[in-house]
Amino acid sequence: MARPRKFDEREVLLAARSRFWRGGYQGTSMSDLCDATGVASQSLYGAFGSKHDLFVRTLDEYCAEQLAGLEAGRRSARDAPWEWLLSAVSFDDGGRLGLSDDGCYLSGSTAMLSRTDKDVHKASRRTYERILGIFGEMVSAAQAAGEVRSDVAPDRVALALLAAMQGIEFLRKSGLDDATFRSAKTSVLDSLNLAYAEPVASRKDA
């Protein structure tokens, strides 16, 4: 009969993710993971498989959390879809993990491993495609609300929003001081408004 586990799986995954996030996949050993989680290597192997299996599990969990946060935010933002989109792009929507100095776990994992690791590539592509879907749906809602120009294709605006989000994520982990980062983020959001938002006067006239 299998012996019951003496650790909380959720806590172990969070600790492992934190260690991978800080050191990267290649820079994290099983010994590092044992130290970070407080679980012996034999138990980690038994519960999660290889180091790679554990890493992919932490990435899948992270992606699921981020998508759940975006979905929750979308449902609560029906009255101001464009405002929510800008807050989501800048990681200020409140439904997801905040943007730390280490950036986004998904983005970092994608940059490091997506070209060489099919599991990471699959998780990355699946998640970004869903983000584009959420953004596209909300752009359509913003157009219906008169917040976004009607002459732009929602899928193209969604791509621009995703590119802006990834740029903001990169700047966060680039080492810029907080004031410069905030200024850069404001500039990105201003550019999106100039490119796609209906002027406030036009909305009032509608």
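Y25 is buried, with a relative accessible area of 12%, where buried denotes under 20% relative accessible area, exposed over 50% and partly exposed the range in between (1.4 Å probe, protein chains only). The structure is a predicted model, in which local features need pLDDT of at least 70 and side-chain atom pairs count only at pLDDT 80 or more, whereas totals for chains, interfaces and linings use all residues. Residues are numbered from 1 along each chain as its sequence is written, and side-chain values use heavy atoms, with hydrogens and water left out.

The aromatic residues were examined by ring geometry. A pair of aromatic rings is described by the distance of the centres and the angle of the planes. Rings of Phe, Tyr and Trp (its six-membered ring) were paired if their centres lie within 6.5 Å; planes under 30 degrees apart count as stacked, over 60 as edge-to-face and the rest as tilted. The rings of F20 and Y25 are stacked, because their centres are 6.0 Å apart and their planes stand at 25°. F20 is likewise buried, with a relative accessible area of 2%. Ring pairs join F20, W21, Y25, F55, Y62 and Y105 into a cluster.

Charged groups were also found over aromatic rings, a placement that requires NZ of Lys or CZ of Arg within 6 Å of the ring centre and within 35 degrees of the ring normal. The charged end of K51 sits over the ring of Y25, 4.2 Å from its centre. For R172, the charged end sits over the ring of F181, at 4.3 Å from the ring centre.

Nonpolar cores were defined as sets of buried Ala, Val, Leu, Ile, Met, Phe, Trp, Tyr and Cys residues joined through side-chain atoms within 4.5 Å. The largest such core comprises 55 residues, and those with the most contacts inside it are W82, V89, F135, L161 and L192. Helix α7 (residues 118-144) gives the most to this core, with 9 residues; helices (H or I, at least four residues) and strands (E, at least two) are DSSP runs, numbered from the N terminus. With neighbours within four places in sequence left aside, L161 is in contact (heavy atoms within 4.5 Å) with W82, L85, V89, F135, V139 and L192.

Two further helical positions were characterised. K185, in helix α9 (residues 178-196), is buried, with a relative accessible area of 14%. Apart from neighbours within four places in sequence, K185 is in contact with S90, D92 and I168. G167, in helix α8 (residues 154-172), is partly exposed, with a relative accessible area of 31%.
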